[in-house]
Amino acid sequence: MTDGPRSGLYAVSTALLAMSRHLEVRDVLKTIVASARELLDAEYAALGVPDDHGGFAQFVVDGVSDEQWKAIGPLPRQHGILAAMLHDDGPERLADVRKDPRFGGWPTAHPDMSDFLGLPIRDGDETIGALFLANKNCPKPDGGCGFTQEDEDLLGILAQHAAIALTNARLYERSRELTIAEERTRLAHELHDAVSQKLFSLRLTAQAAAKLIDRDPVRAKGELQQVAALAAEAADELRAAVTELRPTALDEDGLVATLRTHIQVLDRAHAPVVTFRCEGVRALPASQEEAMLRVAQEALHNALRHSDAAHVTVVLEKHGQGAVLRVTDDGRGFEPRATRRAGRHLGLVSMRDRASGVGGRLTVESAPGEGTTIEMEVPGG
């Protein structure tokens with residue numbers, strides 16, 4: 001058939017492009033499995049990532065419903081055919097997996113499978129996963145396997161690129177973990193510098209008030225008022241740090257819902273009126289959503305603590321394939337070009353780094369007495 005090679009190449013290209021679009025490990029695994037099942041026209045596909053204890057750290061399936069998967073029970077162990085895929089170098093193509101001497105039976109709710117094709121996913125000398133397909137959707141040769149040598153070759157190509165995609169996703173997640181660790185270290189330093197200094201001053205002022213309480217009550221009253229002010233500042237610093245450390249609901253709720261909830265809390269907790277408006281924004285890549293949330297938090301923190309604003313407005317709107325975040329206050333503003341120290345103090349450098357780190361850009365518009373607008377644009381995906 002003249003269309004065979006061309007349509008096969010197109011299908012492989014589509015599968016490889018799909019794998020390259022994702023950076024989260026779980027998304028990559030799901031895409032690999034779905035691509036393999038579609039490419040080779042199989043009823044079932046699975047991919048297992050081994051752990052160091054004879055089991056699987058992750059096991060992703062396609063062709064099995066959520067209800068079936070829950071009924072099947074715990075993740076499988078590395079035994080039988082699964083072990084062969086992880087510990088042998090080559091592929092396995094079987095006419096009936098149930099007749100193989102290594103076959104150990106299925107759990108009660110497991111779907112029945114016959115013809116089988118599997119091979120390891122390798123990164124250099126390390127086996128980082130195993131890919132399995134079962135029940136080719138085609139007439140089977142008498143006593144033979146529905147999967148062909150061509151299927152085996154196609155799956156081999158897919159597995160090589162799956163290794164690259166999976167390795168890249170792991171590196172990306174590791175990079176994010178390091179970024180989070182660096183962020184927590186930064187917050188720890190800020191917490192120490194700001195809160196501990198405030199508490200030290202509070203302690204000294206309280207001691208001074210105690211000494212003055214009998215001989216100079218008026219001065220003692222002034223010192224106690226200073227104690228109250230320092231305590232309030234320390235509480236604000238601590239609250240800001242805890243807000244940044246608290247895990248967000250991005251994974252479950254997405255950027256729009258998470259940002260709306262965060263702004264509702266700030267509106268109740270602070271004197272300025274804080275409002276939120278969203279227009280047409282749908283899900284963005286996870287890294288862009290996280291960066292936008294962090295920039296919004298930093299900009300809101302600045303507006304509520306430093307600007308003396310009466311109103312703060314947050315707008316999130318669709319822009320091409322991406323989105324634009326705009327945080328505007330009617331506070332005292334500042335001169336961006338003449339405030340290098342202020343830029344560091346207000347976190348403008350870190351906000352710009354967050355924006356550029358996800359392919360976006362950050363702009364700041366402000367002038368003394370005219371408020372401030374911080375705008376972040378991301379490209380989407």
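Predicted model: local features only at pLDDT ≥ 70, side-chain atom pairs only at ≥ 80, totals over all residues.
Visitor: Which element gives the most to the largest nonpolar core?
Guide: The largest nonpolar core has 35 residues, and Leu259, Met292, Leu316, Leu325 and Met376 touch the most other members. Elements giving two or more residues to this core include α7 (250-269), α8 (286-306), β7 (311-319) and β8 (322-329). With nine residues, the element that gives the most is α8.

Visitor: With which residues is Leu325 in contact, leaving aside its neighbours within four places in sequence?
Guide: Leu325 is one of the residues that touch the most other members of the largest nonpolar core. Beyond its sequence neighbours, the residues in contact with Leu325 are Leu259, Met292, Val295, Ala296, Val314, Val315, Leu316, Ile374, Glu375 and Met376.

Visitor: How many residues are in the second, separate core?
Guide: In soluble globular proteins, nonpolar side chains tend to be buried together. Here, Val28, Leu29, Ala36 and Leu39 are among the buried residues of α2. These four are included in the second, separate core, whose residues number 32.

Visitor: How far apart are the end C-alpha atoms of helix α2?
Guide: Helix α2 covers residues 25-40, which is 16 residues. At 1.5 Å a residue, the helix should span 22 Å.

Visitor: How many aromatic pairs does the structure hold, and is the pair of Phe56 and Phe59 stacked or edge-to-face?
Guide: The structure holds five aromatic pairs. In one of them, the rings of Phe56 and Phe59 lie 5.2 Å apart centre to centre, with 70° between the planes. Planes over 60 degrees apart count as edge-to-face. The pair of Phe56 and Phe59 is therefore edge-to-face.

Visitor: Why is the pair of Phe116 and Phe132 tilted?
Guide: The pair links distant parts of the chain, with Phe116 in strand β4 (residues 116-123) and Phe132 in strand β5 (residues 126-136). Both residues are buried. The centres of their rings are 6.3 Å apart, and the pair is tilted because the planes stand at 35°.

Visitor: Which residues form one aromatic cluster?
Guide: Phe56 and Phe59 are both buried, and so are Phe116 and Phe132. Together with Trp69 these residues form one cluster, whose members are Phe56, Phe59, Trp69, Phe116 and Phe132.

Visitor: Is Phe147 buried or exposed?
Guide: Phe147 is placed in the loop between β5 and α5 (149-212). Leaving aside its neighbours within four places in sequence, Phe147 is in contact with residues including Leu40, Phe116 and Leu133. Its relative accessibility is 1%, so Phe147 counts as buried.

Visitor: Which side chain is joined to that of Thr127 by a polar contact of 2.6 Å?
Guide: Thr127 is placed in strand β5 and counts as buried at 16% relative accessibility. Beyond its neighbours within four places in sequence, the residues in contact with Thr127 include Pro50, Met85 and Arg122. The polar contact of 2.6 Å joins its side chain to that of Arg122.

Visitor: What is the distance of the polar contact that joins the side chains of Ser366 and Thr372?
Guide: Ser366 lies in strand β9 and, at 15% relative accessibility, counts as buried. Its side chain reaches the backbone oxygen of Gly371 at 3.0 Å. The polar contact between the side chains of Ser366 and Thr372 has a distance of 2.8 Å.

Technical notes:
Residues numbered from 1 in each chain as written. Heavy atoms only, no water. Phe/Tyr/Trp six-rings, centres within 6.5 Å; stacked < 30°, edge-to-face > 60°. Buried < 20%, exposed > 50% of the residue type's maximum accessible area, 1.4 Å probe, protein only. Helix = DSSP H or I, 4+ residues; strand = E, 2+ residues; numbered from the N terminus. Expected span 1.5 Å × (residues − 1). Polar contact = N/O pair within 3.5 Å; in protein donor to acceptor, adjacent residues only side chain to side chain. Contact = heavy atoms within 4.5 Å. Core = buried A, V, L, I, M, F, W, Y, C linked by side-chain atoms within 4.5 Å.
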